[in-house]
Amino acid sequence: MGTLVEPALLLLLWQSVWALDIPLEVRQPPTIIKQSMKEHIVDPKDTMVIECEAKGNPHPIFSWRRNGKYFNVARDSQASMRRRSGTLDIYAKNNPEQYEAEYQCIASNEYGSAYSNKIRLQLYRAPVWPREILEPVVVSAGLPLVLSCDPPPGPPKPETYWMSSSFPTMQAVRPDRRVSMGVNGDLYFSNVLINDSVADYCCNARFPYKNVIQQKMPVVVKVLTTRTVAEAAPTWLSPTGSSSSILVLQGEELLLECIAAGMPTPRITWTKDGEDLAVTSRMKVKNFNKMIQIPKASFDDVGEYTCAATNRLGYIEHTITVRVKAAPFWLEKPTDLILAPEENGRLVCRSDGAPRPTISWSINGEPIETADPQPNRQVSGDTLIFRSVSASNTAVYQCNASNQFGYLLANAFVNVLHATPRILGPRNELTKVIEGSHALLDCRYFGSPFFCHLSFSEPIIIVTKPQSMKVMRGTDVRLECGVKADITTPVTTNWLKNKKISLDESNLVITNVNRGDEGNYTCVIKNELDQKSASAHLMVMDRPNPPTNLELSDPYERTVRLSWVPGDSNHSPITGKMQYDDDDWLPGKWRNLSTYPGTLNSVILHLAPFSYYEFRVIAINEIGASRPSRPSTRFQTSAPDVIPKNLKGVGTWRNNMEISWEPLTYREWNGPKLKYLVWWRRRDSREEWKNATTKWLKYYIYDADTFTPYELKVQAVNDFGMGPESPVVIGYSGEDRPIAAPLNLRVSDIESTQVTVHWDTVTRGSIMGELKEYKVYYWRDSSQLRWHWVNRAMKSKSFPDDVPEPSGTVTNLIPYSNYKMYIVVANNRYEGPPSNSIHFSTPEGVPSAPTSFRIQQRHLDSIYVDWDLPAEPNGIITGYSLKYQTVNATRGEELRVEEFPPNTTSFSIRRYDRYTRYRFSVAARTRLGLGEWHTEESPHYTTETYAQDQVDITTQGWFIGIMCAVALIVLILLIVCFIKRSRGGKYPGTTACSLDKRKPLKALSWPAMMKRSDSDDSLVEYGEGGEIPFNEDGSFIGQYTGTRRDVRELDFGGSLELHSPMNTIYSLA
C-alpha cells in the first residue's frame, strides 16, 4: 500500500537531485569541457591546434591569453578560432618559433568566465646529429671506456640504444655485467677486451612524437693488446665521487644507476639506509644489478641508497640520497553548486603536495581579494562559504593550488536559480521496495519536491553465510547458505563460482577437492522484490608447481647467477632448494647445493673450479616438494683464477737461486694439465723478462752473480689458458762467505752480570749476501779466585741491527770472572772471519746459595747443622748468615739470626724437647751483600730414632776384627822392644820405648814437638807456631782436615781457627 515518504527519505532524495547536471536549457555559467594538455607538443609543419571547448547558457564566447597578455586572434593572419568553439588553429608557415609560448583559454557569458589550464606550446624539431668525423678511440685491454651518445634534446626526450656493426651485419649491443647503457645514453665498458674492437659502435635515438629514429656517426674502437692484462680495483664511471642526490616527484619514474670500472669486472650490490635492499613489487632491479627502477615514486622511497662495487682487488661505495617531492594533487575538487535564493552553500578546494600547496581563489578570473566584496561570501582556508545567496553570487569561481613543482586549476560555478519545478523523467512511476531497506528513487527533475507511492514486504535475510576455507587437496568441503524470507514471496537459491552459475542447491558439497575447485563461491538468494548474496573463497593447498625457465648468467671466476621463473606456490609459502650435478660424481647423481627463501628467483652460486655443472630447482612448502625443474644448461669453469701463493726466491749456492711457491689445490686447477709459468729478470735492469714452464713447485736459475736481486712472478696455466699473474716479489741469488771481520771490538759499562759491546761495521760488499746479524762469541776463561774451577764452554749472542755505531749488551755473565770475546759478521748462509779477541773481568757480585746443607741429631737434646762453600762464590766470601725458627713452636719463639765468619760452616742448637723442629736458612756474603738463601727444615727426631741411630759398635764384627788386629800389632811391638832392650843396643832417634820416665811430661814447643822431614807431614802447615795444648787423653784441641799445600799459596784472611774441618779451605781467599 502506498504511503507518503518519510522526511529522512526526502532528504536523501533532495541531495541526490543536486548531483545531477543542470539541463542545458536552463541558464548557467560556462563550463570548460575539453582542453589541450599543459605540455603541448606540435609539429610546425602541420596545423598547430590548441583545443578549448566549453558549454553554458547562453553559449559562451572565447578569448585567449598568450604569456599572460591578451592575444588578438583576429589580427593574426596565421591564427584563427573555430566557430562556436575556442579551439585555436595556427598555420605558422612563417616564423613558427614566435608561437612557442604559454596559452590560456577563457570561456565567458553573462553569468561568468571559466579559465583553462595554462598550456605550454612546444615545437617539435626534427632531431639531427651534427655531421662529424669521429676519430678512432684507442684504449689498452683491461682499461675502462665510455662512448658518449649526446642525442638531440627533443622534445620529447628520446629513447637511446646502441648498435654494433661488423660488415655486413648490424646488431644491438647486448648489455652484460661488463657492458652497460647508462640512463644518459652513454655506453660504458667496465673494462675492454680484445673482442670489443671487432665492430664499430653507433648510438641510435628514437623520438616517440613522430617515431623517428636517428643514428649517430659510428665510432671505431681499437684495443691495444698486451701480454698480460693489468688488474685494477673498482672506480666509479657513473655517478662519480662518493655521494650524490636525486630529487623526484611523486608518481614519476625513479632511476638509480651505479656503473663501475675495474678488472675483473666489479659486482654491484645495494643497501638502503644501512640494510639490505628489500626488492618490492613496485621496484625492479635491472641491468645486472646496476640499476634500480621504480616506475612510480612515493614517499616510501625516500632514503639513502648505497651501491657497492667489489672485485678481488678492492671495494668502493657510492651513496645516493633520494628525496621525493610532490606537485599538488586533489583531495577534494570543487564542484558546481546550484542553490535556490536564501540557501547556504560552500565550495571546497582541498589538495596536498610536498611542500603543501598554497590555495588562492578567483571570481571569473579576478583574484577574490580585488573583486567586489560580498558580505554573504567568506573565504575560510580551502573553503569558500556562501550564506543566504542571491543572484549576485552567480559566477564561475576558480581555485588554484600551487607549489614550486606545479599547480592545479579548477572551475566551479555557483548558479542561483528562480526556476519552475519540472519532472525530467517518466511520471506516475510505481517503485516497490523491501521494508527496512534503503530506497533510492531515480527521480530526474529540476524544481520543487515530488510524491512517490511505496509498498513494503519482509526482506531476505541470510542467516547462515558460507565460510571461506583453506583446505588440503583431496578433502571434502561443505558450503552452507541458510536464509529467512517473506513467506508470501518464493525464493530461489543459486550458487555461482567465479560469477558463473554452478548448482541450484541451498548447501554445496564438494568431494575430493583439487586445484580446479578453487575459487569464489557465491550463494544468490532472490525473489520478485529482493536479492541477497553471500560469498566465500575456497583455497586449495597443494605442493608447489616446479620452477621453469632456468637460465645461467654472469659467469665470474667461481660463481654463476642462476635465475628461474617460480611456479605457483599453491597457497603455502615456498622455500627453494638448489641441486647440482657435476662431473666429480656419477652422472645423474644430484646433490643438494643450498636452500633459499621462496621470495627469490635469482641467486649467485659459489662453485668449485675445474668442474662441469648442471642445476635444477625444487620448490618446497609445508605440503611437500614440487617436481624438480628441468636441468639448466651445462656450465663449465675454465682457466685458473687463483694466484700461487708464497712466491719467493732464495739462493742455495753462491751462483744460483731457487724460485719456489705453494701449489694450487686440485679444486683450483680449473682444468687439466696444470703447470706453472715462472718469470724473472734482474732488478733495476733493462733486460726483458725471461720465463720457463714447469710442473714442479721449484725452479732454479744458474750462473747468477753472488747475491743479486731479481724480480719474480708466477702464474698458473692449464689447457684452457693462463691464470692471473702474481704480484712481483724480489728474490736474491746465493750468498758466499763474508770476507771481512768487524773491527775495533771493545766493551764498556762492565757490570757483575752484563757488559756493553761495541764494534765497527763492515762494508756491504764484504758481507757477500744479506746482512743477517753480528754475532759475539764469549767464554769464561777463569775465575778471579785462583782455586775455583770454571766451565770454559763458549756462548754466543746475535745482534741483527745494522746502525752506524752498533752496540749490544751481553747478559747472564758470572761475577768475579775473567772473560774472552770476539765477533763475526753473518749472512743467511755463512759467518765471516773472527775479529780480534779481547779480555775483560767482571766485578764481584753476591754469591749463590751454600751447598751441601746438612741437618743432624748427634745428641738427644741438640741439632747440628753444617754447609759447604757456594757453588759460585762470585767474589771473596766475608761470612755467613744463619736464620732459624721453630716450625711447630708452642712457645712463640721469634726468628733468630746468627752471623759467622767465612771459616765457620757449622752450628748446633739445643732443643727444648724431642718434638721441636726447626726451619734453617743460610746465605753467604761478599762485600756487596748477602747472596741466595738456602732453606731446609729439620726432620722429626724422637728418642727411638736416636736410639736406632746410636748403634753399639762393640757388637759389630768389623770392630772386633780391627781391635784384635791392633792388639796383635801392639803385642808384636812390645815383644820386639823387649828383645832389643834386653840386648842393650843404641838406636838413633827416639822411639815410643825411649821415653824418660824420670822426667815429668811438659808442654812442648811447636818446633820441638814437630820437625819437618821429607817423609813426614808437619803441623806447621796448619799453624803459625807456638804452643799447642793437649786434652786429657793427649789429643789436640780441634780438628783439621784438608790436602797438603804450600802455605804461600794460602790466603787466610785472618787468624786461624782449627775447630772446623773446612777452615783451611774457607780461609784460602
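A salt bridge is taken here as a side-chain nitrogen of Lys or Arg within 4 Å of a carboxyl oxygen of Asp or Glu. With that in mind, select Arg-473 and Asp-542 in this predicted model: the two form a salt bridge in which the closest N and O atoms are 3.1 Å apart. The pair links distant parts of the chain, since Arg-473 sits in the loop between β45 (469-472) and β46 (477-480) and Asp-542 in the loop between β52 (531-541) and β53 (548-556), 69 residues apart. Arg-473 is partly exposed, at 49% relative accessibility, whereas Asp-542 is buried, with a relative accessible area of 10%.

**The whole chain**

Zoom out before going on, and show the protein chain as a cartoon, where 6 helices and 82 strands can be traced. Of its 1069 residues, 41% count as buried, and the chain exposes about 60,900 Å², with carbon and sulfur atoms supplying 52% of that area. Among the contacts with a separation of 6 or more, 64% are between residues 24 or more positions apart.

**Further salt bridges**

The count of salt bridges comes to 32, and a few of them deserve a stop. Select Glu-159 and Arg-206, whose closest N and O atoms are 2.9 Å apart in their salt bridge. This pair also links distant parts of the chain, with Glu-159 in strand β14 (residues 159-166) and Arg-206 in strand β18 (residues 200-207), 47 residues apart. Glu-159 is partly exposed at 42% relative accessibility, and Arg-206 is partly exposed as well, with a relative accessible area of 24%.

Next, select Arg-854 and Asp-866, which form a salt bridge with the closest N and O atoms 2.6 Å apart. Arg-854 belongs to strand β75 (residues 851-859) and Asp-866 to strand β76 (residues 862-868), so the pair ties together parts that are 12 residues apart in sequence. Here Arg-854 is partly exposed at 33% relative accessibility, while Asp-866 is buried, with a relative accessible area of 11%.

Then display Glu-332, Arg-350 and Asp-382 together, as these residues are linked in a network of salt bridges.

**A charged patch**

Switch to a surface view and select Asp-273, Glu-275, Asp-276 and Glu-304, which form a negative surface patch. Asp-273 can be found in the loop between β25 (267-272) and β26 (275-276).

**Backbone details**

Another cis peptide bond runs from Ser-238 to Pro-239, with omega near -10°, and Pro-239 is in the loop between β21 (232-238) and β22 (243-249).

Asn-646 has a positive phi, near 55°, in a residue other than glycine; this asparagine lies in the loop between β59 and β60 (648-650) and is partly exposed, at 46% relative accessibility. Asn-744 likewise has a positive phi, near 60°, but this residue lies in strand β68 (residues 743-748), and its relative accessibility of 41% makes it partly exposed.

**Last stop: Pro-628**

Finally, select Pro-628, placed in the loop between β58 (612-620) and β59 (635-636) and partly exposed, at 37% relative accessibility. Leaving aside residues up to four places away in sequence, Pro-628 touches Pro-546, Arg-616, Val-617 and Ile-618.

How values were computed. Residues numbered from 1 in each chain as written. Predicted model: local features only at pLDDT ≥ 70, side-chain atom pairs only at ≥ 80, totals over all residues. Heavy atoms only, no water. Patch = residues over 30% accessible without salt bridge, like charges linked within 9 Å, V, L, I, M, F, W, Y side chains within 5 Å. Areas by Shrake-Rupley, 256 points an atom, 1.4 Å probe, with all protein chains shown as cover. Lys, Arg positive; Asp, Glu negative; His and termini not counted. Charge placed at Lys NZ, Arg CZ, Asp CG, Glu CD. Helix = DSSP H or I, 4+ residues; strand = E, 2+ residues; numbered from the N terminus. Buried < 20%, exposed > 50% of the residue type's maximum accessible area, 1.4 Å probe, protein only. Contact = heavy atoms within 4.5 Å.
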